Amino acid sequence: MGGVPDPLEATFAGVNPFAAAHGVDTVTIGVAVPIPEPFGSELQKWRESFHDPMALAIPTHVTLLPPTEVEREDLPGIEDHLTKAATIGQPFSMLLQGTDTFRPISPVTFVRVAQGAEQCATTEALVRSGVLAREARFPYHPHVTVAHELPDDMLARAQDVLAGYEARFPVTGFALYLHGDDGVWRVRRLFPYGG
């Protein structure tokens, strides 16, 4: 079909699929709303400029399920679960605006989800149910990390530099990520809202 390309698909059109290591029984997964281009790369470059060593290993995203170790054989059931969660959801508009921090509780500076947080929370609850039911360490707070585990002065700099940041885009679904043996997170599968 013609028209505007789906930002979810366009974001990962060039991403290589995860190459599974043979003989490994468990994998580490994450579920997140990917930040589409050009914003994803833009924020990733900012994160790199703050000397965050994870900048190139973690695609820009809003977490729905943090890193979670699962049995490799459970992946088909997890994907079925995520398909059902996505079917219930509806596309929405997200606005990233300004910065905040989790300091002193956690050494993280992030870009705020100023619009779309409620929809992220609804999706997060759907994702973290059934086969992916997990107890959360902290109350859910959708955000886009731009500096993590860095000295206080660098976390403060990230917060100041991106204080005026703003990006608006449609969110059409979410993604299942796998953590590679090389330490890089890659998309395994996209789950568009509404099926």
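Predicted model: local features only at pLDDT ≥ 70, side-chain atom pairs only at ≥ 80, totals over all residues.
Let's start with the pocket. The largest one has a volume of about 1,200 Å³. Its lining takes in 34 residues, and nearest the centre you'll find Thr63, Pro66, Pro67, His143 and Thr145. By type, the lining splits into 19 nonpolar, nine polar and six charged residues.

Now the cores. The largest nonpolar core has 42 residues, and the ones touching the most other members are Ile29, Leu82, Met94, Leu96 and Phe174. Helix α3, residues 75–88, gives the most to this core, with five residues. There's also a second, separate core of seven residues, with Ala32, Ile58, Ala175 and Val187 among them.

On to charges. Side chains of opposite charge can pair when their charged atoms come close. Here we have six salt bridges. One of them joins aspartate 52 to arginine 47, at 2.8 Å from N to O. Is that aspartate buried or exposed? Aspartate 52 is buried, at 4% relative accessible area, and arginine 47 is buried too, at 6%.

Then there's arginine 103 with aspartate 152, at 4.0 Å, N to O. That pair links distant parts of the chain, 49 residues apart: arginine 103 sits in the loop between β3 and β4, and aspartate 152 in helix α5. Arginine 103 is partly exposed, at 27%.

Last one: Glu79, Arg188 and Arg189 are linked in a salt-bridge network. Thanks, everyone!

Notes:
Residues numbered from 1 in each chain as written. Heavy atoms only, no water. 1 Å grid on protein atoms, 1.4 Å probe; cavity = no way out; pocket = protein on both sides within 12 Å on 5 of 7 lines; lining within 4 Å. Points joined across faces, edges and corners; volume = space filled by probe spheres on them. Nonpolar A, V, L, I, M, F, W, Y, C, P; charged D, E, K, R; others polar. Core = buried A, V, L, I, M, F, W, Y, C linked by side-chain atoms within 4.5 Å. Buried < 20%, exposed > 50% of the residue type's maximum accessible area, 1.4 Å probe, protein only. Helix = DSSP H or I, 4+ residues; strand = E, 2+ residues; numbered from the N terminus. Salt bridge = Lys/Arg side-chain N within 4 Å of Asp/Glu carboxyl O.
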